[in-house]
Amino acid sequence: MSFELPPLPYAYDALSPYMSAETLEFHHDKHHNAYVTKGNELLEGSELAGKSLEEIVKGSYGTNQALFNNAGQHYNHLHFWSWMKPNGGGAIPGALEKKIVEDLGGVEKMKQDFVAAGVGQFGSGWCWVAVKDGKLAIMKTPNGESPLVHGATPILGCDVWEHSYYIDYRNRRPDYIKAFLDHLVNWEYVEKLYNEAA
């Protein structure tokens with residue numbers, strides 16, 4: 001099963017002013033496309049060829065770093081585009097909100113901890129809400145890693161690589177993550193992933 005670059009689920013300018021058309025064009029068309037191209041190159045003839053993307057990510061972790069980097073980032077970005085929508089943020093679906101209150105101390109606390117995880121991730125990486133052992137957890141990972149390789153299932157992730165925000169926010173990573181949470185998150189998609197993980 002080879003990797004494919006999906007089209008964005010919205011127009012390039014649909015997330016503006018929180019994420020510009022220029023950022024999306026570079027991020028999707030150049031960066032994500034490069035992970036797909038390089039990933040396919042590295043996958044060809046490997047023992048993981050023909051496996052599902054999740055199997056490739058888990059199977060290459062710690063054994064084939066180059067393939068893992070590209071497959072991991074492809075996996076992360078496939079979800080990242082769906083984790084956002086025009087006029088996102090807003091109310092969190094009931095059952096998911098209840099779980100956030102139960103496991104993470106409330107919506108505001110979850111947002112604070114999510115921002116702190118993203119800001120505290122030195123260099124490139126991601127911050128996450130994931131399901132681990134039936135409970136929600138805030139996590140952060142370097143580079144292209146995700147909770148998937150740490151025994152958890154990501155249900156929300158924010159890309160804190162500089163290419164994700166530098167055009168729009170320069171060095172203001174906290175402002176970018178806050179804008180992501182308040183104005184971009186597609187909570188229906190998060191809920192869908194939560195239901196599948198639960």
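Figure 1. Gly72 is buried, with a relative accessible area of 1%; here buried means under 20% relative accessible area, exposed means over 50%, and partly exposed is anything in between (1.4 Å probe, protein chains only). This is a predicted model, in which local features need pLDDT of at least 70, side-chain atom pairs count only at pLDDT 80 or more, and totals for chains, interfaces and linings use all residues. Residues are numbered from 1 along each chain as its sequence is written, and side-chain values use heavy atoms, with hydrogens and water left out. Gly72 sits in helix α3, which covers residues 65–82; helices (H or I, at least four residues) and strands (E, at least two) are DSSP runs, numbered from the N terminus. Which residues does Gly72 touch, not counting those up to four places away in sequence? The answer is Val57, Leu67 and Gly144, where a contact means heavy atoms within 4.5 Å.

**Figure 2. Ser146 in the loop between β2 and β3.** The loop that holds Ser146 runs between β2 (135–142) and β3 (153–159). Is Ser146 buried or exposed? Its relative accessible area is 2%, which means it counts as buried. Once neighbours within four places in sequence are set aside, Ser146 is in contact with Tyr75, Asn76, Trp128 and Thr141.

Figure 3. The side chains of Lys38 and Glu41 meet at 3.0 Å, N to O, and form a salt bridge (a side-chain nitrogen of Lys or Arg within 4 Å of a carboxyl oxygen of Asp or Glu). The two residues are three positions apart in helix α1 (residues 21–43), so about one helical turn separates them. Lys38 is partly exposed, at 37% relative accessible area, and Glu41 is partly exposed too, at 48%. The structure holds eight salt bridges, and the next two views show others.

**Figure 4. Asp103 and Lys99 in helix α4.** This pair meets in a salt bridge of 2.9 Å, N to O. Being four residues apart in helix α4 (residues 94–104), Asp103 and Lys99 are separated by about one helical turn. Both Asp103 and Lys99 are buried. Together with Glu102, they are linked in a network of salt bridges.

**Figure 5. Asp182 and Lys111, a salt bridge between two helices.** The distance between the two side chains here is 3.1 Å, N to O. Asp182 lies in helix α7 (residues 173–184) and Lys111 in helix α5 (residues 107–120), so the pair ties together parts that are 71 residues apart in sequence. At 37% relative accessibility Asp182 is partly exposed, whereas Lys111, at 16%, is buried.

Figure 6. The peptide bond from Ser16 to Pro17 is cis, with omega near 5°, and Pro17 falls in the segment before α1. Asn87, which is not a glycine, has a positive phi of about 55°. Where is Asn87? Look in the loop between α3 and α4. Asn87 is exposed, at 75% relative accessibility. Asp133 is not a glycine either, and its phi is positive at about 50°. It is found in the loop between β1 (125–132) and β2, and with 72% relative accessibility Asp133 counts as exposed.

Figure 7. The protein chain has eight helices and three strands, running α-α-α-α-α-β-β-β-α-α-α from the N terminus on. Its radius of gyration is 16 Å, which agrees with the value near 16 Å for a compact globule of 198 residues; the radius is taken over C-alpha atoms, and the globule rule is 2.2 Å times the number of residues to the power 0.38. Along the principal axes, the C-alpha atoms fill a box of roughly 45 × 40 × 30 Å. Buried residues make up 48% of the 198 residues. Among contacts with a separation of 6 or more, 67% come from residues 24 or more positions apart.
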